[in-house]
Amino acid sequence: MAAPSIAPALHDPFAASPLLRRFAAVTREELEAHQLRKVQALCARLYAQSGYYRDRMDMAGLVGGVIDSLDRYAKAFPTSAKADFLEDQKDAPPFGRRLGVDRDEVVHISMTSGTSGQGQEIYGRTQRDVHMLGYLHALPWYMAGLRKGDTAINCVPAGGMTTGGWGPGEAIRILGATPFHVGGNLSTDAKIDLMLKLGGIHFIYASTNYLHTLTETLLARGIVPREAFPDMHGLFIAAEGYPLEWAEKIEEHWGCRLQEGYGSTQLNGFGGSTAAAGVFGDKGARGLIRLFEWEHLIEIVDPVTGAPVRPGEQGEMVVTNLSVEGSPAVRFRTGDAALFVPWQECGGAAWNAIECGTISRFDDMMKIRGNNIWPSMFDAAVFAHSQVGEYKGRVYTRDGKTEVEVKIAVAEHQSGLGAEDRAQLVQSVRAAIKERSNMWVDVCEVPRADFQGFAYKARRWTDERQDGYRL
């Protein structure tokens, strides 16, 4: 697949930013020396200040928080997971014993969304952490071309207690752009009406699925995005994977590059981003999310053994904040799966990377008929068909056998499809799923109205099997 023919990016972020020029120019040895200094300072401070991390360092024999190498740190410092943080908060509410500062230094609270169903982690942020929250959102958007004087549409709900609720506003203010925070406040049609009234829109930030919803709604109204918004030069997505066929269509509809970042509450913002090339790499392959390794130490490890994965392998991301003061995440197991691309294979700066569009959750993987099945396999098969607007799937048991059902809805702007074309679409989707997953599944068409609530972060799959059948 060839990347769409799109006008080149308006800005060279590395030429325009002293900070990016600096870290783009360092050698790998210099970057790792910088990381080691940051890790050493972090561990020394936490050993003195945080009972939670002091106990973990003592348990690992890192008495006094002394770290002599990154290798020693990665092998000796115990990882933490969500359950550990929740237990810590329960024992010492509200922040647990993880705080790396005195309690009166906390000026802001961030919480995770709780979509995992396990509970919400609570993070205390200092004034500097809040500044970092803005910086770690502004950095990837600057790389994506957002500049002073641009008009930016933020489709992610603002405010609240999540990191993503506060970071965008801080970032757009830092960059001097003009924000319209429309997420959660307006319906999709109302957002479109506002955008048409404003004109001169330059940048959109949205979840992957909401950009899909916004685009589909525009097309259903007979509006071609690249014609309605000719000044658009940045589409930035995060939070979910996608097939390249979908990304190609998005760039074609909007007439500009699609950019992607990886972020989380544990990272206090974004931990990496694409740049001018966007989500497509050489010869139409997937592009790279380059990791901001001067602000985060991100390991990609085998989720079972904890050993680093080899280049081109998928692993779990384990993150350490190098600059967070209040509630730093230190060797935190994210549960996020990513494909590792070492800096030697990236070209240019000596930063490691992960592959675009393939980040997923290990707990989303389903064991079906003895196979490890990821929702992204179905996403790629279904959304390779431009006629499909949305889908959802379920795994269940019938007569003691595991069954899989996929319901698809024709996109609103494709509502004129006849019965024969719709039947062919169902069969084509079924065949594509077989090719991607090596399974025949039941596919049927349902009305688009059956997919309400999918506008932002879609959870398309339900597993209705009892535990004993989940094989």
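Predicted model: local features only at pLDDT ≥ 70, side-chain atom pairs only at ≥ 80, totals over all residues.
Me: Start with helix H7. What should its 17 residues span, and what are its end C-alpha atoms apart?
Reply: At 1.5 Å a residue, H7 (residues 127-143) should span 24 Å. Its end C-alpha atoms are 25 Å apart, which agrees.

Me: Is H7 mostly covered or mostly exposed?
Reply: Mostly covered. Of the 17 residues in H7, 14 are buried.

Me: What happens just after H7?
Reply: Gly 145 takes a positive phi there, about 110°.

Me: Which residues are closest to its centre?
Reply: Ala 74, Leu 297, Ile 298, Glu 299 and Pro 308. They belong to a lining of 22 residues.

Me: And which elements give two or more residues to that lining?
Reply: Helix H3 (28-49), helix H5 (70-76) and strand S10 (296-301).

Me: How do the lining residues divide into nonpolar, polar and charged?
Reply: Twelve are nonpolar, three are polar and seven are charged.

Me: Now salt bridges. How many does the structure hold?
Reply: The structure holds 22.

Me: Take Glu 121 and Lys 82. Where do they sit in the chain?
Reply: Their side chains meet in a salt bridge at 2.9 Å, N to O. Glu 121 is in the loop between strand S1 (108-111) and strand S2 (122-125). Lys 82 is in helix H6 (residues 82-91). The pair is 39 residues apart and links distant parts of the chain.

Me: Are Glu 121 and Lys 82 buried or exposed?
Reply: Both Glu 121 and Lys 82 are buried.

Me: What about Glu 216 and Arg 448, where are they?
Reply: Glu 216 is in helix H10 (residues 208-220). Arg 448 is in the loop between strand S19 (442-445) and strand S20 (461-463). They are 232 residues apart. Their side chains meet in a salt bridge, 2.9 Å from N to O. Both Glu 216 and Arg 448 are buried.

Me: Next, Arg 465 and Asp 463. What do their side chains do?
Reply: They meet in a salt bridge, 2.8 Å from N to O.

Me: Why is Arg 465 called buried, and why is Asp 463 called partly exposed?
Reply: Arg 465 has a relative accessible area of 3%, so it is buried, since the cut-off is under 20%. Asp 463 has 26%, so it counts as partly exposed.

Me: Last one. Which residues are linked in a network of salt bridges?
Reply: Arg 28, Glu 32 and Glu 293.

Key
Residues numbered from 1 in each chain as written. Heavy atoms only, no water. Helix = DSSP H or I, 4+ residues; strand = E, 2+ residues; numbered from the N terminus. Expected span 1.5 Å × (residues − 1). Buried < 20%, exposed > 50% of the residue type's maximum accessible area, 1.4 Å probe, protein only. 1 Å grid on protein atoms, 1.4 Å probe; cavity = no way out; pocket = protein on both sides within 12 Å on 5 of 7 lines; lining within 4 Å. Nonpolar A, V, L, I, M, F, W, Y, C, P; charged D, E, K, R; others polar. Salt bridge = Lys/Arg side-chain N within 4 Å of Asp/Glu carboxyl O.
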